[in-house]
Each structure stands twice: as structure tokens, then as C-alpha cells.
Amino acid sequence: LDLDDVDLSQIVTQNPRILLYSLPENIIPKIELLDEISEGHADIIILKYPLYLDYSVEGVSDLVSFLKERVNLANREVAKVLIKRPTVVSNGLEKMEEVVTYFNKEHGIPMDSVKKILVQNPVVFSLAISTLREKMRVLTRRFGEDATKAIVVGCPNILNLGGANVQGKLDVLVDYFRTDEAIKAVLMRQPTLLAYSRERLRDRLQSLDEFGVVDKIAWTISLTEEKWDAWTDEQEKL
């Protein structure tokens, strides 16, 4: 593993139990398995989540099988999930099945789209179903079931935001788009709008409103500050 003394000290400090484990019988098999399923990124995962070494080879293998067979993840997607959210190994298979079933059965989201949600935002495996329901309900009350599904699939990280956070951003959008139908239309074009900070959203909409082009928020929201400044300079010359 590509770990230096500082890294090793951090790992042992966060998980001192590993000093009790047998190297050939316990630690090495776990690292070899992780290196295989993470496509050579075992060091990154263990450094981010030293408690991985507490889980059995059988348990991790079962989790990988679930992701491949139930969610239809390819090897590189399994690796992506583990690198992005190493703590996914702490979620029991029953809990993970509940999350998959919630999206697929309760909301009727096709498995290809459920897969997209889980790969892009594996945090949802750790969320209680009641929490997911409440987060979905905030959007469904405003935009309906079909639009909410499209927004969530388009930007799964929305599910990491609190209800008050999302509501605050919707309030900003109301100031400029006035109706829920108009807000729904812009979110369908660019679901990631809700992933940006309320301040960024408000500041950019204010400038766009002055130029009379608020509808351009769907693509200008992602511009870096440098590109945004250059774009606004061009607009001022028109």
C-alpha cells in the first residue's frame, strides 16, 4: 500500500484494534480483496475509513455481490462507490435492499436510474427510509411525482440536503421565476441548481435579472467565478 508513517499512525489511532489482528490470516486477505474490488485503491479507502479492517472478507464479498447482482454495478462502479463512500461497508444488506426497494418500488424509478442515484450518491444507503420520504416529499408537494423523480435522478446529491436548505433555495427561485411551473421547468433542465449554495443562486439570479435573462441560470450557475465575470462583462457591453 502507498502509505507513509503518518498515514499508518492515523489508521492505527483511529482503529487500534488492528494491532491485535493476524497479518497473514486477517489483514492481508482483507487488503487483497479491497485492492481487487477497488481497482488498486485500497490505500485510499483504508486511510479514509480504517474501520474497514474490522469487517470480514465474507461480509465485504457479500456487499460487493449485492451491488453487482441487485444494483447491476460494473466493477469500476463498485470501486467508485467504495472510494467515494467507504463506510458503505457498514450498511447491512437488509438496509441496502430497503433503499433500493424504496426508489424502485415505492417511486417506480427504473433500476438503471436507481443505479445512477446510488453510484453518484452512495450516502443514501445510510439514510433512513423515513428521512428519504421526507426529502422526496418536499419536492413532490411542489412539483409532483414525475418531476421530483427526474430532479432527484438528475442530481442525487439533493438527497443529502436538509428540508430547510432545499426550501430556502426554492424561495430564492420563487423570487425570480414566480410560479412553481416555471421553477419546475428550469429544474428539469438543470436539476443541479439545488446543489449550489443559496447565496450563489441568489447572487447570480440577481445579475441575470438585471440583464433580463434569468432563464440562463440553467447553464450560468456552473461557470467559475472567472468565467462568470467574463460573461457578465460581455453582457454589459451589449
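Which residues in α4 meet which residues in α6? In this predicted model, D62, L63, F66 and L67 are the residues in α4 that meet L93, M96, E97 and V100 in α6.

**Packing of α4 with α6**
- Helix α4, spanning residues 57-69, packs with helix α6, spanning residues 93-106, at an angle of about 15°, and their axes lie 11 Å apart.
- Because angles under 35 degrees count as roughly parallel, α4 is roughly parallel to α6.
- The residues of this contact between α4 and α6 comprise six nonpolar and two charged, with no polar ones, and the crossing of the two helices is right-handed.

**Helix α2 and its cover**
- Helix α2 has 15 residues, 23-37, and reaches 20 Å from its first C-alpha to its last, which is close to the 21 Å expected at 1.5 Å a residue.
- Within α2, the residues I27, K30, I31, L33, L34 and I37 are buried, and what covers the buried residues of α2 includes α3 (42-48), α4 and α5 (75-84).

**Packing of α8 with α9**
- Helix α8 (residues 129-143) and helix α9 (residues 145-154) pack with their axes 7 Å apart and at an angle of about 130°, which makes α8 oblique to α9.
- On the α8 side, M136, L139, T140 and F143 take part in the contact, and they meet E145, A147, T148, I151 and V152 in α9.
- The residues of the contact of α8 with α9 divide into six nonpolar, two polar and one charged, and the crossing of α8 and α9 is right-handed.

Conventions. Residues are numbered from 1 along each chain as its sequence is written. This is a predicted model: local features need pLDDT of at least 70, side-chain atom pairs count only at pLDDT 80 or more; totals for chains, interfaces and linings use all residues. Side-chain values use heavy atoms; hydrogens and water are left out. Axes are lines fitted to C-alpha atoms, for helices over the stretch in contact, and angles run from 0 to 180 degrees between N-to-C directions. Helices (H or I, at least four residues) and strands (E, at least two) are DSSP runs, numbered from the N terminus. Angles under 35 degrees count as roughly parallel, over 145 as roughly antiparallel, 65 to 115 as roughly perpendicular and the rest as oblique. A crossing is left-handed if the near helix is turned anticlockwise from the far one by less than a right angle, and right-handed if clockwise. Contact means heavy atoms within 4.5 Å. Ala, Val, Leu, Ile, Met, Phe, Trp, Tyr, Cys and Pro count as nonpolar, Asp, Glu, Lys and Arg as charged, and the others, Gly among them, as polar. The expected span of a helix is 1.5 Å times one less than its number of residues. Buried means under 20% relative accessible area, exposed over 50%, partly exposed in between (1.4 Å probe, protein chains only).
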